[in-house]
Amino acid sequence: MKKVGIITHYYGSQNYGGLLQAYALCKKLNALGYDAEQIQYIHENTQELSSVIRKWNMRRIANAVKIRFLRVKEKEFWGNMKKRSNALEEFRTRIPHSLEVYSKDTISQSNDSYDAFITGSDQVWNMDWYDEAYFLKFVENKPKYSYAASVGTNELTAERQKLFKENLADYTKISVREKDSVELLQPLVKVEIQHVLDPTLLLSKNEWDEICFGKRIQEKYLFCYFLGEGIIERQLAREYADAHELKIVTLPFLNGQKRKCDEKFGDVKLYDVSPGEFVSLIKYSDCVFTDSFHACVFSNIYEKNFFVFPRSGADKMSNRITSLLTLFNNQERFCDSSEKQNRQYIEFTRKIQSDTVDFQKEVDKSIDFLKEVDIT
């Protein structure tokens, strides 16, 4: 059996969506007969991705030396961050990955371990944190593919266009996650660029149920998963929850830092949540408010009532949300204007519907792309 190495934002990631897409792509590829695994690669910005773990260790040292100067709340905060980190790390045992942890200086050594390489999914081609390893520049005389790679924007400077042209020149096949990325990149390369689905959409509801936890919150609840610091959506969530007699369930401080917007928001604050329980919190919710792409994915998979808001400071990444919502014909659930950011609009939005026929066509097309990975 030929071996496929996948490189994405995996090692040290504290992101639920990132780990779930990594799990999904390996699972689907292996079901198709490949021997696929995530390559553990230390990105230059991995310091940010794994900051929770290191900060906890630093705090633990400080605690041992200056225990009397460490406030109780501070100890509690870092204890909660450690609980979350542990839950995420436990989930990694379900994801095939390399034993070796590679760096920029050693990643070329992985050529000896794999017969083909795939970059993606997720924002591996977001040029704000450019790393040539995610363009597979280290690969030597092996087939190179991208699967559902995300650029994270719908425009490129001339300098960045040049980088894409150079980096993608020797790819065997290319696929991207957003439809507008096809138009953005196609003029820069010779091979046809295909639009495919995020790996999380390749698995059925039954397959996700395999890792989904049981119902944790017994009361009716609104699940709020906010990566950004927006105040309007949090205020609207409070209004909606009160009107429908729902508890607000949150995962506070998702960036690993204290944020005022999270401190007093939510009735039930959870920390020891694995990706499997993240799926569960969506599955059993009465409604979902979010600014996350993958929270939208699972809301659609489980046909939950949901609303998505622009993430503060990440306006240029809204193309991935609109691309996803268009796929499910749920564009009105993107509350991207003041006219839509009020309870009246939300209350009168039609119930969620799934056009399963068109969606299944997209799934089949995406799986066909993976079937064409040639590693002979």
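Predicted model: local features only at pLDDT ≥ 70, side-chain atom pairs only at ≥ 80, totals over all residues.

Modeller: Residues are numbered from 1 along each chain as its sequence is written, and side-chain values use heavy atoms, with hydrogens and water left out.

Biologist: Why is Asn111 called buried?

Modeller: Buried means under 20% relative accessible area (1.4 Å probe, protein chains only), exposed over 50%, and partly exposed in between. Asn111 comes in at 7% relative accessibility, so it counts as buried.

Biologist: What does the side chain of Asn111 reach at 2.8 Å?

Modeller: The backbone nitrogen of Glu140. A polar contact is a pair of N or O atoms within 3.5 Å; within protein, one must be able to donate a hydrogen and the other to accept it, and residues adjacent in sequence count only if both atoms are side-chain atoms. Leaving aside neighbours within four places in sequence, Asn111 is also in contact (heavy atoms within 4.5 Å) with residues including Phe138 and Lys142.

Biologist: What makes the span of helix H8 close to the expected one?

Modeller: The expected span is 1.5 Å times one less than the number of residues. H8 (residues 232-244) has 13 residues and reaches 18 Å from first C-alpha to last, close to the 18 Å expected.

Biologist: Which residues of H8 are buried, and how do you know that they share a side?

Modeller: They are Glu233, Arg234, Leu236, Ala237, Tyr240 and Ala241. The arc, taken from the directions from the helix axis to the C-beta atoms, is only 160 degrees, which puts them on the same side of H8.

Technical notes. Helix = DSSP H or I, 4+ residues; strand = E, 2+ residues; numbered from the N terminus.
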